[in-house]
Amino acid sequence: MASPVRPSRNRTTAPRATPLKLARFWLICLFFLAWAIMIGCRLFWLQVVRHKEYVERAQKQQQRTFEVAPRRGVLYDRNLRELAMTVQVDSIFAVPSEIDDKQAAARALAPIVHTDPEDTQTTAEQIASRLDAGHSFAWVARRVNPETAGKVKELIASGVLKGIYFQKEFQRFYPDNEIAAQVLGYVGLDDAGLGGLELKFEPQLHGVSGRMFTAMDARRHVLGSSEREPAPGQNLVLTIDENMQFLAERALDHAMDQTHADNGTVVVQDVHTGQILALAIRPTFNPNLFRRTTPALLRNHAVSDVYEPGSVFKLVTYSAALDQHAAMPDDPIDCQGGKITLAGRVIHDNQGEHYGVIPIHQALEVSSDVAAVKLALKIGPDRFYQYIRDFGFGARTGAEMPGETRGLLRPVNRWGSSSIGSIAIGQEVGVTPIQLVTMVSTIANGGVYLPPHVLMPGQTDGSGKTPATAQPFKIGGDLPNPLPPGAHRVLSTLTAAEMRKMMEGVVLFGTGKGAQLNGYSSGGKTGTAQKVDPATHLYSKTMHIASFAGIAPVNNPVIAVAVVIDNPRGGSYYGAAVSAPVFAEVAQQVLEYLAVPHDIDLRPARPSTKQGNPVVEDASEHTGDIDALYAAVNDLPADDPLRAPPSQSAPAAQPAASPSQASTKPANTAAEAKTDATQTSAATTVTIADGKTLRVPSLIGLPVRKVIEQTAAAGLEVQITGSGTVREQAPAAGAMVAPGTKIVVRCGR
Amino acid sequence: MAACATTYLEAGRSLNTRIDERNAELMALQAQRRRGVRTPEFAFPKHFDNSRLVKAPDPVRARQIRQFSVAVTILFSLTMLYGLQHFSAIERGYRIESEKQIREQLREENRQLRLSEAQLTQPARIDKMAREMGFAEPQPGQMVQPNSGSDAGVPVMAQATPPTAVRNSY
């Protein structure tokens, strides 16, 4: 009975149970599916959408990047002798957390590492303060010498010191110390070039930094690393010859000892290539100890300073006249008794010289101003100006040295009525020593202007793969064929030959007797120019620049030498007496060093010009328009070094400054201009800080109180001498000067 | 077993002879053990001839085995070669790193020596030392460089040299 019932009940319950279980099953599946989809979406969001962000965060947490400094390139002279090179030295650092008694450690280290009294970073107090300030790292002393490192290592080995370690760092060495210091420049603590070629070719010399990528765990432990090797800097070969550089610097040292000049410059150039063989500047500095130098010492006077060349510039005038067939060497010229009037301005020859009609070559030998003025007038201002430009004046030469000025040369349309006469005798024009020596080389090599260089060609083409090769100087070379970029013919070969003979006459019979050599013929021209007084901005009666530019041997010139002595004191200040002997010493020794065959008979001993031939003086009284020079300064481009105070162009007091800080920048304050004016040479004294100029008011007849009020209102400074009312003032009323310029007034009753 | 081995190895007698002898020995032994009651026992030799059972040649299987053996051998060799190369590479890597470090040390030492040489041969130092030793600068013309050209300022005695071409014709 029960059995028929059960099936009916089973039939009624079984169809209900099965869908319920399936529903539960599908519900659970749906739940897990939704859960999986959510996880998938989240993973997609994290792994795909925000992949980059999390990778970067992970790298920041897990990786550290260390920069590996590259080795700086070597600077070689032309014979591949190292002038600047980088080697590894030890630097000492500490892990302060490992040091128990930091004060005791500092006291133990300081006597060893504090080798330089002027180094304030290695005193016991400084070391102790750094140890106290840091937890995991503190420098003790950087770039110590091997002896110091050895002493510290002994202390560590003996167990006295703990937590002191060594790190290798690069250090720049200049093995020749002061040789060519202004040319080479120097580098700061961060291995960045801060002057000279080190600054100019910083990208090439510095190289490319390497990188080390290190994976680290949560406790900052290194798990592994990969690295990119640093690319070392490019080696550069200079045209400088170390031995010639030494000879030039030694001769300049002798001259500086005798004359006590403010500074001196000697440039030796290969006349056939334009390459600078030596560039000596005094006073100088030791780039190994750059922290001890001053901004004034860093200045490269050969390219950054200009001066009025005086009679040396007559070579340009005579060359132009001969090349234009306005005169021949033997043609007579009337020197008019040593006096000529030009546009109401009287130009005199040297005192005591009253020449009449003399040959052109003799006029150059005696440095007649009148003859030079007449020749310039004969060829006219336009052609004369073109010759000046062709000789390279008024433009940067392109020598690979930073801070080069183009010099001061106004275009013809801004010349005054008497400017042609002034420029003919080397006034109202500012030149650099390197422009001067290039001009003489142009005459020496047959009339072709070759741009000067201090870097061997083909090294900065960007490849950096050219191996450094020695290129010793070869005598008897010809002009390069084809001519290098920038080269051009200025004079005909005949004119150049005639000029060389006339320059030889200057040395044999004229003002340049002090430049005579023994066994070699030589030619050149002396020059003496008055400097501009920094205080008055007027030509000084006591400060001069003595110069000489010459070549040797005359018939087949090998070298050209320019000597500029700034403000010689304690004796003669003429180029004939001061600079010509320096030329003789340099040229004689360089030619002997180069084994140039003698072209004249040797003398047993060289006669002294002081005792034998009296030195003919060649100074011209300055009658040029000084305001024209001021105006020419204002025409210079903004990056010209003459427009910036020299103290700002060379940050010696800030060795760690970046190269950008080392570049020139315009002066801002009158105080800076005043400070610089008292420190620098004549060329810098004509610097006008910026484009703004003020007209000097007339102070004549005013009482002191009024003078102070008026100058203060005008933005000028005043220096008063005497008492009463103003009798004289300098600069004169109406002159355009820079704001803050000091006006000197002399008072009387 | 030793006896069997000896029997088996006895030479010169046939198999039936040896079986008979063996049966006789066993009968005698049984009689002794049963104390005189002799129960005849017979041994019926049964010969199994398996000489017709030969393994059929299976060239496919043999080839497979050979191929497998060769493959395993090659794989083993490659594995060993890989291991050898791997560990050799690691070892050589260490050696290369070591050599690199030595090379860098030597280069750095070379640079240090070059620096020392440059410092020691600087003209100013040599000039100073020479002066301290009493040397003086050579006078003009005193220094003669054999490789340089003839000195234009020095008279040269005229010499007649026969042309090279004429000399060669002799």
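## Where the chains meet

In this predicted model, 22 residues of chain A are in contact with 20 residues of chain B. Two helices of chain B, H3 (59-120) and H4 (123-132), each give two or more residues to the side that touches chain A. H3(B) supplies the largest share of that side, with 7 residues.

What kinds of residue make up the side of chain B that touches chain A? There are 9 polar, 7 nonpolar and 4 charged residues.

## A five-stranded sheet in chain A

Chain A holds an open sheet of 5 strands. Read across the sheet, the order is E10-E9-E19-E18-E17, and the pairing is antiparallel. Strand E10 (276-282) lies at one edge and strand E17 (523-532) is the other edge strand. Each of these two pairs on one side only. From one strand to the next, the twist averages 10 degrees.

Look at one pair inside the sheet. Strand E9 of chain A covers residues 263-270, and strand E19 of chain A covers residues 559-566. They run antiparallel and are joined by 8 bridges. One residue pair to find is A:Val267 and its bridge partner in E19(A), A:Ala562.

## Helices against the sheet

Which strands does helix H17 of chain A touch? H17 (residues 433-444) packs on the sheet and touches E9, E18 (539-552) and E19 of chain A. The direction of H17 makes about 150 degrees with that of E19(A).

Helix H18 of chain A spans residues 493-509. H18 lies across E17 and E18 of chain A. Its angle to E17(A) is about 70 degrees.

Note on methods. Residues are numbered from 1 along each chain as its sequence is written. Chains are lettered from A and ligands numbered from 1 in the order in which they are written. This is a predicted model: local features need pLDDT of at least 70, side-chain atom pairs count only at pLDDT 80 or more; totals for chains, interfaces and linings use all residues. Two strands pair if DSSP finds at least two bridges between them. Helices (H or I, at least four residues) and strands (E, at least two) are DSSP runs, numbered from the N terminus. Axes are lines fitted to C-alpha atoms, for helices over the stretch in contact, and angles run from 0 to 180 degrees between N-to-C directions. Two residues are in contact if their C-beta atoms, placed from the backbone, lie within 7 Å. Ala, Val, Leu, Ile, Met, Phe, Trp, Tyr, Cys and Pro count as nonpolar, Asp, Glu, Lys and Arg as charged, and the others, Gly among them, as polar.
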